[in-house]
Amino acid sequence: MDIEEITLVETTSEYDPYKILGVSRSASQAEIKKAYKNLAKEWHPDKNKDPTAEDMFIKISKSYEILSNEERRANFDRYGQVDENQPFGQSQHHGFRSFHNSFYFDEAFFHFPRSRDFADSKYLLHHVRFNSEVLPDSHKRPYLIKVTSDWCFGCIHIEPVWKETVQELEPLGVGIGIVDLGSERRLASQLGAHRAPSIIGLVNGRVTFFHQAIVRQHMRQFIEDLLPHKLVEKITDNNYLSFLDSWRVENKPSILLFDQVPVVPFLFKLTAFAFRDYVRFGYVDQGDKQITRLLRQFNINTYAPTMLLFKEDTERPVDIIQARGMKRQIMDEFVSNNKFLQVPRLVNQQLFDELCPVKQFHRRRKFCILLITGEDQAFVSSNKAFLDFATANKKDVLRFAYVYQRQQQPLCQALLPNQPALSPQVSVILERRSQAGRVLYRSVSGGWNGSNEDKFRLHEELEHLQKDPSYLTSDTTLPELNNEMAPIFIIQWMNAAYDYILQIYDDLLYSNWREMMPILSLIFSALFILFGTVIIQAFSEPGENKPQKPNQPFSLLFGPCSRPPKKDFLEVTELTDMTYISNLVKLRPGHINVVLVLTDASKNALLKKFAKEVYTFSGTQTLHFSFLNADKHRHWMPTLLRSASGATHISDEEEESSDYTGHVLALNGHKRYFCMFRPVFTGDDPSDSSSDTSLSFDSRRKSRSRSRSNVHHKLDKLGLWMERLMEGTLPRLQVPDWPSLKETES
């Protein structure tokens with residue numbers, strides 16, 4: 001052994017991390033962490049100008065790295081060894097100096113720019129990808145981002161530690177990103193990163209810089225500290241009942257993890273962060289003495305981590321997983337399959353969209369069975385009966401939910417317009433048909449009181465529905481649901497403000513003014529807007545301060561509405577000699593023109609009703625809407641029907657006496673076929689519900705006997721006919737050629 005090696009061994013044996021941190025050998029982890037933070041602030045090279053500050057800071061970081069790891073701490077207490085493989089004072093010291101000085105003169109200074117590691121190429125971030133993918137995804141999982149460049153020699157020294165950190169954190173679910181300062185200056189400016197190397201944490205869209213020594217344990221703790229507080233609640237015998245019973249208020253399932261470590265596992269925290277909007281998470285330390293009743297009640301195996309999932313039944317879990325090596329994929333799949341209660345309460349529009357999605361295909365239709373009820377004690381028994389019925393009917397096509405009538409009055413009024421407030425429970429079966437809120441539904445007669453007769457009646461309704469989806473005969477447009485959880489957002493805003501204050505304090509501590517510019521800009525902008533508003537109000541006229549009724553969105557078709565559509569009008573073109581060729585004969589393949597036949601007398605009433613019925617389909621790019629004046633072109637309809645294949649022969653006498661007012665034709669100009677809607681009169685005679693396309697003249701004679709004051713009722717079921725048109729289930733009548741249309745015809 002040469003002299004240099006002897007010197008190194010002697011120096012290592014004299015090194016004592018307890019003395020450096022100023023703690024006793026029996027100190028707890030909290031005391032060690034507190035001592036480390038105080039010393040790190042005191043000896044950080046950016047704050048302390050002492051020439052020995054950098055070396056002292058390295059010793060402090062190395063000491064904390066040893067004592068914060070139970071295995072390495074026990075190894076030092078037994079054998080007095082600092083590291084298993086490497087003496088202290090070489091790589092860690094070397095790496096820290098190069099992190100703060102990009103032109104540290106060593107052998108790396110004479111290297112040419114290194115080629116990009118192929119393994120790092122999949123982590124490279126670009127401005128567009130960051131804003132479209134990474135930034136929204138940061139609300140579900142944290143990201144650790146490295147800022148580097150080709151001529152950054154300090155980046156070379158931290159590369160081994162970075163790779164070890166990536167290999168540890170990526171399988172747990174932490175997102176990894178790399179930003180090249182040379183090629184992605186726009187993204188680097190958005191992040192506030194102006195030097196390389198830099199380490200950044202991204203959580204909930206918020207950027208935080210890493211300021212400690214580049215050590216794997218430090219970066220892991222850095223990401224863990226960025227997660228929101230109180231993601232996981234510590235559970236004992238004293239609070240587990242209240243935790244499980246919270247589903248009534250929170251409207252969420254609950255998950256309990258049993259494990260033998262005293263702290264919450266980082267993997268469990270990451271899972272709780274990803275699903276915090278759907279599930280509540282609790283952790284049980286099996287080494288705690290206050291969990292005897294918990295272990296006995298749920299018969300927990302203490303030799304492997306166990307996850308229990310509870311829904312409405314707090315006595316018995318609905319799902320259990322137990323594994324020695326709990327993986328991220330297993331936990332994600334377990335939670336994602338149980339995001340909702342057996343019968344969740346609709347508390348906002350987002351939950352309604354997920355539970356009852358809009359029908360896209362026939363095989364993916366979802367029927368939502370909705371119970372309109374109340375939160376009073378009188379409704380408890382019937383609500384429990386509805387839960388039992390839903391638990392026994394676990395078909396994927398059926399989704400069960402309930403709403404409180406007092407909290408969701410607009411929704412209940414749209415579904416049951418004649419139902420008095422706080423009436424007995426009523427079951428409604430509905431199917432969503434468009435994002436604009438259009439639904440088909442059917443209310444179950446007799447309501448719901450939880451009796452066996454009610455269960456049998458609802459069961460029969462569901463059997464009829466699965467055999468014939470057209471069993472849903474009513475349609476309406478639902479308003480957006482009230483957000484019953486709105487007060488929670490105030491608390492979230494306060495937590496976010498608290499996090500920003502901590503970030504500002506951290507940046508002030510390290511004097512990173514350039515990195516603070518985005519936050520300072522946001523603060524000064526808010527102050528400018530606040531004081532500007534006060535000044536404008538102070539100098540405004542007294543009459544300007546009078547409260548004014550806000551402008552409410554108004555649609556000519558639907559009147560006042562809480563959710564305005566993208567446009568408040570429907571474009572309807574009149575078929576004339578000038579527009580006939582372009583709107584029908586030369587219509588592009590796949591496009592259909594929906595034409596309403598009317599007269600001068602019925603024009604205003606029918607156009608308003610027509611616009612209301614087809615408005616939800618106006619966003620379809622392949623549909624065009626027109627109207628044809630039968631007073632001007634009275635021979636066009638008989639000519640079209642005579643030329644149609646399979647049509648009944650029309651005599652001249654019948655042609656003269658026929659009234660085609662209210663007929664709607666779907667004309668495919670390219671393939672030369674049409675579908676026809678015949679008027680119905682649900683306003684006068686509910687028994688007459690024919691949108692049939694058979695060419696019978698009885699319905700036309702019957703239509704002439706209707707009162708002219710009820711002409712708008714002719715289009716009462718046009719919406720359902722349009723649904724069948726979009727599904728492609730209407731009969732098609734072929735024509736050899738389209739009849740001509742002359743403007744001079746009378």
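In strand 21, cysteine 675 is the bridge partner of alanine 666. Let's start there.

First, the ground rules. This is a predicted model, where local features need pLDDT of at least 70, side-chain atom pairs count only at pLDDT 80 or more, and totals for chains, interfaces and linings use all residues. Residues are numbered from 1 along each chain as its sequence is written, and side-chain values use heavy atoms, with hydrogens and water left out.

Now the overall picture. The protein has 27 helices and 22 strands. Both are DSSP runs numbered from the N terminus: helices are H or I with at least four residues, strands are E with at least two. Of the 746 residues, 47% count as buried. Buried means under 20% relative accessible area, exposed means over 50%, and partly exposed lies in between, with a 1.4 Å probe and protein chains only.

Back to strand 20. How many of its 5 residues are buried? The count is 5 of the 5, so strand 20, residues 664-668, is largely enclosed by the rest of the structure. Val664, Ala666 and Asn668 point one way. Leu665 and Leu667 point the other way.

Next, its partners. Strand 20 pairs with strand 21, residues 673-677, in the antiparallel sense over 5 bridges. Pairing requires that DSSP finds at least two bridges between two strands. These two strands form a hairpin, with 4 residues between them. Look at arginine 672 in the turn: its phi is positive, about 60 degrees. Strand 18, residues 592-598, also pairs with strand 20, antiparallel, over 4 bridges. There, asparagine 593 stands opposite leucine 667.

Let's move to arginine 25. It sits in the loop between helix 2 (17-21) and helix 3 (29-43). Leaving aside residues up to four places away in sequence, arginine 25 touches Asp16, Tyr18, Arg73, Phe76 and Asp77. Touching here is a contact, meaning heavy atoms within 4.5 Å. Arginine 73 is 48 residues away along the chain, yet the two C-alpha atoms are separated by 9.7 Å.

Last stop, helix 21. This helix covers residues 513-539, and isoleucine 523 lies in it. With 34% relative accessibility, isoleucine 523 counts as partly exposed.

To recap: strand 20 pairs with strand 21 and with strand 18, and 5 of its 5 residues are buried. Thanks, everyone.
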